[in-house]
Amino acid sequence: MTSFKHAAASMALACGLLPAISQADDDVAALRAELQALKNDYAARVGALEARIEELSAAAAAPPPDAVQTAALPAAAGSSTAASAFNPAISLILAGNYTNLSEDPEGWRIAGFMPSGGEVGPGERSFNLGESELVLSSNVDPYFSAFLIAAITGEDEIEVEEAFFQTLALPSGFTAKGGRFFSGFGYLNEVHAHFWDFVDQPLVYQALFANQMAQDGLQVKWLAPTDLFIELGAESGNGEAFPGTRRDRNSLNGTTLFAHVGGDLGESTSWRAGGSWLDLDAEDRGYEDVNAFDEPVVNSFAGSSRTWAVDAVLKWSPYGSVTRRQLKLQGEYFHREEKGRLAFDTEGLGLSDTYRSEQSGWYLQGVYQFRPRWRAGLRYDSLDSGTPRIGLVDTGPLSPESFPALLAGNPERVSLMLDWSPSEFSRLRAQYAWDEARDDGERDRQFRLQYIYGIGAHSAHKY
Amino acid sequence: MNVFIRSATMLLILGVAAPAQAALKILATTADWGALATELGGDRVNVYTATGALQDVHRVDAKPSLVARARTADLVVSNGAELEIGWLPVLVRESGNKRIQPGSPGYFEAAAQVGLLEKPAQLDRSLGDIHPQGNPHLQLDPRNVAAVAKALTARLASLDAANAAYYQARGADFSARWADAMARWDSKAAPLKGLPVVVMHRDQVYLGHWLGLKELAAIEPKPGVPPSAGHLSQLVSKLTETPARAILRNAYNDPKAANWLSERVRAPVVLLPFSVGGTPEAKDLFGLFDDTLNRLLAAVQ
């Protein structure tokens, strides 16, 4: 009852007050309108005065009548403030090929080298959709930039090729990179497929790195403050990429050291040379093979894998003008030593003993742009598998034929290339190769036509 | 090993200490902006020019020697508007040099100081290699050079405050000499107004705009797209109807197409320096415009 009275009283009070409040509101609105009218009036007058001043000063600054009447220049452009202006740079690369092979690609295996399990080899016959690469990059803030390359494969899979951050503001010429990135080992390892000069990687990269080695880890580079280009780098990570494996340990794996030196020889020639070293451990690196009775088995290597390499690139173009003519020579030599244990038929017999191999390979290639947009190239590949010391064969019960994949071989390949780039964003290529890498000893004659198209942000690539 | 560690430490110390003491190190992307930096900086700066007048600055390799220069630069003087987009971002990224990152005081873009012509209304690469901010070849209008000089003087003075008065004095001196030269060029160029010409690429647009040339056609049908036989024969018939007085070719262009056309339409090829160093006479920025006008005037007389 009391609360009812209370409510009624406050309602009455409210009804009495309301007209007074609305009266005050009206007054404020009237004052505001007056003020606004004053403001508008002043703005108009000031604007008129400003226009008059501008007119007068323009007249004063007018050129003397005898000078040539030149066209006026546009005003400097203002910057955009749209939210989309912060979108990262996006580009997409489409690639594909037509492949004609004289030998069955199913049986292609590099003679004498432990298979990497990677997508190496001549690929499949007829038309093939290549990888569609999506590239996103942007500065994150004043301290970092970020970069992603995702490949959508012809088999409908998405692979993260590279995804890393890079520092922008470390002092004294240091740059750090973290995430997944192509290792700075060698020269071609960092180069993305759409910038390759041939359809495929050199045999030495296919055999020893399963095409390209990506690190999941950290890289630190230091550039010397000298006119001669001197770059030192170190990397480490989880060591998952071939020839390493992921290990069940907290420690780092895949320590890489590299040094690059470069400069100019006159105004037409530039060069870069380097040396690299990689130390990886493999825990259970399996590969498929057949035994002496042609039955499938899985063998496995565990131990250390150390690789060193030297590389050199030289580019020549008259006066440094790459539009008309350019010659590019490059070569790399890789050497690998593996020590550890080799297990035979891990799912059956499970025999295991010592293993040691010393393998090497190199390539030399020249690409010549003989007229604008047209380039021709020649590449020679060579590998030396050596003869591995397999404990199970040397002192154990098995014969060398129990390890067909490891029978010594000297794979070779010669590739010829011709490409035409209608613009900076498109390239069409024909390549013919005589491939003697197969462990069945057959020579594979490979003919390929390839297209590469880039859309979106204008790409910039390294030397 | 000890020796190695010692020399590595020395290098590190040098790397930290060197830039603070020496002259301001400038990496200029083109010969013109290099020449301007030298005019304004005098003996207080050390200018390295990344490209020469015979190079197409849009297509340059990110050479190791350039990365090394970017590493030690206190200031990058670039053209901008995507002219160097294929290589300058790589230099800056690989340099490990925070002083020259875009947005910092050590990164200067000439194109940001002036209004650009031919800002495309439609962005589509079927129109060729177009630049979204506008035509980047802005150095061939002396009024642009004056505007860039003013901005670069201010930048030098703020980067190297100890020598600010020196830069300002040099900047004022350059501006005065440049204004005199512009008055001279303007009156000298009077006969060129309305001159019908053929250009190679859309890179003489600023020159034509300044002098009031009448651009009849471009040998490159679209930016960065070389002429086809069909396009050239179309040009011949078009130029037979409306004859051109000159075919303008820049020092870095391939002479073939211009010479071919010249024989058929009876217009002389006029070789223009385009950049400082493009001809022996174009020794500096003043020489660039003197020689450009002399060559054009010689062709029409």
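**Exercise 1.** Into which domains is chain B divided?

*Solution.* Start with the bounds: domain 1 covers 2-184 and domain 2 covers 189-300. Such bounds come from an automatic or database domain assignment. Next, the spacing: the C-alpha centres of these two domains of chain B lie 27 Å apart.

A word on the model: it is predicted, so local features need pLDDT of at least 70 and side-chain atom pairs count only at pLDDT 80 or more, while totals for chains, interfaces and linings use all residues. Residues are numbered from 1 along each chain as its sequence is written, and chains are lettered from A and ligands numbered from 1 in the order in which they are written.

**Exercise 2.** Work out whether the length of helix H6 of chain B fits its residue count.

*Solution.* Helices are DSSP runs of H or I with at least four residues, numbered from the N terminus. H6 of chain B (residues 164-188) has 25 residues. The expected span is 1.5 Å times one less than the number of residues, so H6 of chain B should span 36 Å. Now compare: its end C-alpha atoms are 35 Å apart, which agrees.

**Exercise 3.** Find the buried residues of H6(B) and what they pack against.

*Solution.* Buried means that 20 or more other C-beta atoms, placed from the backbone, lie within 10 Å of a residue's own. In H6(B), that gives B:Tyr167, B:Arg170, B:Gly171, B:Phe174, B:Trp178 and B:Trp185. Then look at their partners: these buried residues pack against H2, H5 and helix H10 (285-300) of chain B.

Key. Helices (H or I, at least four residues) and strands (E, at least two) are DSSP runs, numbered from the N terminus. A residue is buried if 20 or more other C-beta atoms lie within 10 Å of its own, exposed if 12 or fewer, and partly exposed in between; C-beta atoms are placed from the backbone. Two residues are in contact if their C-beta atoms, placed from the backbone, lie within 7 Å.
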